[in-house]
Amino acid sequence: RSSCCLSSSPDSTSSPDSDLSTPPPTPTAASDSPSVYSVPNFSGSNSYLATEPFDRPSKFVIDILFRSETGEGTLFYTANPSVNDFISITLKNREAVFRFDSGSGVVSLTASGKVGKGNDHRIRASVTGDEVSFQLDKRNAVTDTRGSADDKFQFKPVELYYGGFPEELELFPAAEAVGGFTGCIQSVTLNDVDVDLTAPVAVNNVSDCED
């Protein structure tokens, strides 16, 4: 398993012009504020939403429909520091990358094809048994195997982050999570269940996506 953890916060060295008296933005709990968006748009700067953990640890199948404005950023991230399990789906240099560790070592797949800026794309990442696959749009899926079909993701009660993550969150270096995503996430299906992105358990710097 991978080692934990790396802080996602920027270097603590402040510029002479920085305002040390201004606290960082506080995420809004879903119970405290109604959703202000129908389709979430992420700004790339400490911008994310979080949902409840999934409840089928032996299986992970996610389908994300998104539109990126930069071809960079984190689409999905979750991790359990107590057991060193993690999953990340990121965009780097317009390539989609799926990385995870469920107990038998890190598996990393890069999807075929490039993400077009301002274009709608769909990615599908799947871990069932020892079979792993990752697909961008209708291109051929990239496949691999993990060390053991008996591994189970141990994420309860860890939240699932979309579009980024809190600045103070400690990240797994092996996850290679990058900065926040800029663009829209139109829909997510996780383990055959539609995720209601308009009812997160936490949200920060998210607005409504423009067509």
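At 0% relative accessibility, Phe 66 counts as buried (under 20% relative accessible area with a 1.4 Å probe, protein chains only; exposed is over 50%, partly exposed in between). This is a predicted model, where local features need pLDDT of at least 70, side-chain atom pairs count only at pLDDT 80 or more, and totals for chains, interfaces and linings use all residues. Residues are numbered from 1 along each chain as its sequence is written, and side-chain values use heavy atoms, with hydrogens and water left out.

Now for the aromatics: searching the whole structure turns up 10 aromatic pairs (ring centres within 6.5 Å, taking the six-membered ring for Trp; planes under 30 degrees apart are stacked, over 60 edge-to-face, the rest tilted). Phe 66 pairs edge-to-face with Phe 181, at 6.3 Å centre to centre and 80° between the planes. Phe 66 sits in strand E5 and Phe 181 in the loop between strands E14 and E15, so the pair ties together parts 115 residues apart in sequence (strands are DSSP runs of at least two residues, numbered from the N terminus). Phe 181 is buried too, at 0%.

Next, the largest nonpolar core has 36 residues, with Phe 60 and Phe 98 among those with the most contacts inside it (buried Ala, Val, Leu, Ile, Met, Phe, Trp, Tyr and Cys joined through side-chain atoms within 4.5 Å). Strand E5 gives the most to this core, four residues.

Finally, a disulfide (sulfur atoms within 2.5 Å) joins Cys 184 to Cys 209, S to S 2.0 Å. Cys 184 lies in strand E15 and Cys 209 in the segment after strand E18, 25 residues apart.
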